[in-house]
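Work through the exercises below with the structure open beside you. Try each task before reading its solution.

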Amino acid sequence: MSPSVRLQEMIRVIRGARTQGEERGVIQRECAAIRAQFRQADNGTRSHNLAKLLYVHMLGYPAHFGQMECVRLIASPRYNEKRVGYLGAMMLLDEKQDASLLITNSIKNDLSHSSQYVQSLALCTLGCMGSAEMCRDLAPEIDRLLRASNSYIKKKAALCAVHIVRKVPELGELFTPAARSLLSEKNHGVLHGAVVLITELCERNPDTLEQFRKVVPELVQIMKGLVMSGYSPEHNVAGISDPFLQVRILRLLRILGRNNDTASDAMNDLLAQVATNTDSSKTAGSAVLYETVLTVMDIKSESGLRVLAVNILGRFLLNNDRNIRYISMTSLQKIVQTDHNAVQRHRGTIVDCLKDQDASVKRRALELSLALVSAVNIRSLMKELLLFLSSCPPELRAHTTSGIFNAAERYAPSQRWHIDTILHVLTTAGGDVRDETVPNLIQLITTATELHCYTVHKLYRALITDISVQSLVQVACWCIGEYGDLLLRGECEETEPVQVAEDDVLDALEMVLQSHMSSPATRGFALTATMKLSTRITHNVDRIRSIVSIYGSCIDVELQQRAVEYNALFKKYDHMRAAVLERMPVIDKSSPGHTNGESAGGTMKEMEPTKLTQEVVLPQEPANKVCDLLDLLGGSAEPLQPSPALSTTPLGPVSSTAGGDLLDLLGGLDVTPVPPSVIVYEKNGVTLKLQTDRQTDTGMTVTLTATNSTDGDITSITLQAAVPKSVQLQMKAPSGDVIPAHGLGQVTQTVLLNNPNKVSLKMRVRVCYTSQGSVCQDTVQIDSFPSPAW
Amino acid sequence: MIKAILIFNNHGKPRLSKFYEHYNEDTEQQIIRETFHLVSKRDENVCNFLEGGMLIGGSENKLIYRHYATLYFVFCVDSSESELGILDLIQVFVETLDKCFENVCELDLIFHVDKVHNILAEMVMGGMVLETNMNEIITQVDAQNKMEKSEAGIAGAPARAVSAVKNMNLPEMPRNINIGDISIKVPNLPSFK
């Protein structure tokens, strides 16, 4: 009885179920029946039951009770039971299950079975789900099969070997000689498997790579055979002879020819031949051409060949088939770093692809356009990008805005252009910008002193049209607060003058304060701006007082606190008001208070004490009490709000210390303490200190400081560092290489570490220096880092 | 490396799911749903490549799909595979199915899932492409099927008779409906599989 009939019956019944509940009921009954049958002794229906169970598994129902049955079926002598058993093993078992170890012995026996189909079943299963232990046990068997069997088994054994090498890289050496000999096979399937195996071996082990460089001529021969062979009905796909094999060989040639002149020379002719002779009207030909192009760009090829390759890519770009266009843009992305000018030539077509309907093509075009931005084409390209932003799909928006900001920052031709661009982005897609945009923009505006008038006019106009985009509103409020006098003066060279009355300005700010679209952070901005205007306008100070006093009883604790403080400023400290609310100084970009607060939980108070650590730029230093108040106000006047522009719901409750601790500046705040430094090396008068500073969740900055307490200068000091494999290391340039004597100076070097896998961090530092004429070299192992390390 | 091969219909019901990397059962179902979601949104004349969903590896993995009548064939691959090559591979796979099942349609895939798995096992092994020559694949699959049948032997005869009778009594189950083509073939009674 063939198993499918019973299976078909069950499938029919399941399909007949009208509702999900009915289907579940049917399947539960079937599973119960299957379980009962599994428990019974051997009967002829085991394979059918497992087949049914696998179908049920595909639909998503639990099927783990079939695992032992798989093991039993695999051990059975009958072929159809073995077949279903192995299929079940591939679908239900994996290395984490204990049952998988039980099939190792069965696989071993089956690998030496007389029938090649049983052998192939075993190979297939081992190749799909073999665990590291299974692979180690069975590797010699696979090696035997690689050498001495028919081509059907050889090709399966080759791919099984690839899986083994992936699981247990040390076994790579075992398979190297067999792989080498497989290259002389005629059967394309075996050749294909051999090329994949060699590729895997070369990628894992550079020594093997060296060894296999010698086979480049052989591979070139095989390729030539394929390309020139003419029509072979067996392997023909759309006129190309076995394109799959051609692509694989080209990829292997790429790996072998990378950074190696001799190998690359041997390939040059072949690549030129393939590039010119392949017919690219069908997908198969395009696949081969594409792979050729990638290979040409990656090895040390002649310049003529590179030009040919880039031209092929350009031709692909103009192809009507979207797939081809997508592929060509992917490959252009890979080479844009190295052959920037060549890709620039195709900028027009790439920019046109931004307007394509296909979302995948758009994404590729966007990434490529951002990579192509340079000082020369920034204006025209930015225009296109802004146009794209207004119509781009929502999932690409955040990426586009951050790309635009980066490009604008690097290549802005003028400050006015820069500000205009950012404002444009905020008006079109303000909801998708990063949080740090607001402080960055504010910092930019303060530096562009001659544009204050222009900027505030523009922002005012943007504000009165639309107050829904939080980031834009925040910036606008801040500017109006700062430069309100310029706004009211009404004259401005850069833009047409418009008469703005004080009432209008206050109306606008009040609208922001009262609108339910404004987030609490935005309201804070608006309130502070209103307060600042009290020194910049003449007539409506009373109105401002009334606004401020209303908010003294606001439910939002942050606003209430601010309002109360401002009220106090009106009443008791009126003489200080003008000084406190003076124009802000230019913000330095690298100040610690300038970072965005996304790491913080959501309390809004943390920005105030950071003003403490910021450079002491506040012009006045009055008496103590007012000093504290001043700092608090300075903090709240500094609009470095962390709340993301996207949040429309008000932020969670502010930390409870906010209300009470007017004068407790450090309440509820983690001011980073000065990082401790540890002496890691001290010898011959040279001292090496280590200081860590945790920047992000996985990144850390380590500062190494070397000092010298001997009588003579230490010259040509160099530091080298090594870290565990998964940690990324970047050493910045040292401050110098001479340490003056008697501790008069020091050399510092910063090392940036990125530890995405959070492994325990160790670092080995080698110090080389010349002291009193002799060269010294020492290695230091650092096993524990001072906090804030991991 | 090919991470997964999925076949589902226009409504998202899985017809075949083969994963070459281990995920637990819930994740597998979620991946199928997510992939269906991403692929069904696509227009007819856009390119056949998509970034992978978050569950199956995000932007490193690509989904390469082809839509035939009522079925989506989706291959999830990582960056080491040639995208155009996989597209051709899907074509070879479907042509092989066509040869093995004679004008394959969705019902064939539904009722003969195990056979489809066996054919696929001859083409892709452990996430890597094994054989792309259609004739070779079909020869091997036929030989294996013959082996299975020969094992059934005499004991299978009464069961075969029973199944023949059963199939005779089901005139309402159409054997070969080509969706989109209204020709309905009447089952050929002697040829039971």
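**Exercise 1: Polar links between the chains**

Task: find how many residue pairs are in polar contact between chain A and chain B.

Solution. Between chain A and chain B there are 21 residue pairs in polar contact, both residues at pLDDT 80 or more. A polar contact is a pair of N or O atoms within 3.5 Å; within protein, one must be able to donate a hydrogen and the other to accept it, and residues adjacent in sequence count only if both atoms are side-chain atoms. On the side of chain A that touches chain B, helix H1 (residues 3-16) of chain A gives the largest share, nine residues. Helices (H or I, at least four residues) and strands (E, at least two) are DSSP runs, numbered from the N terminus.

This is a predicted model: local features need pLDDT of at least 70, side-chain atom pairs count only at pLDDT 80 or more, and totals for chains, interfaces and linings use all residues. Residues are numbered from 1 along each chain as its sequence is written, chains are lettered from A and ligands numbered from 1 in the order in which they are written, and side-chain values use heavy atoms, with hydrogens and water left out.

**Exercise 2: The area of the interface**

Task: state what area chain A and chain B bury between them.

Solution. Start with the residues: 73 from chain A and 65 from chain B take part in the contact (heavy atoms within 4.5 Å). Now the area. The two chains bury about 6,000 Å² between them, 55% of it on carbon and sulfur atoms. Buried area is the accessible area (1.4 Å probe) that two parts lose on being put together, summed over both.

**Exercise 3: Follow Glu51(B)**

Solution. Glu51(B) sits in strand S3 (residues 49-51) of chain B. Next, its partners. Arg364(A) forms a salt bridge with Glu51(B), with the closest N and O atoms 3.4 Å apart. A salt bridge needs a side-chain nitrogen of Lys or Arg within 4 Å of a carboxyl oxygen of Asp or Glu. Seven salt bridges are counted between chain A and chain B. The side chain of Glu51(B) also joins that of Tyr326(A) in a polar contact of 3.4 Å.
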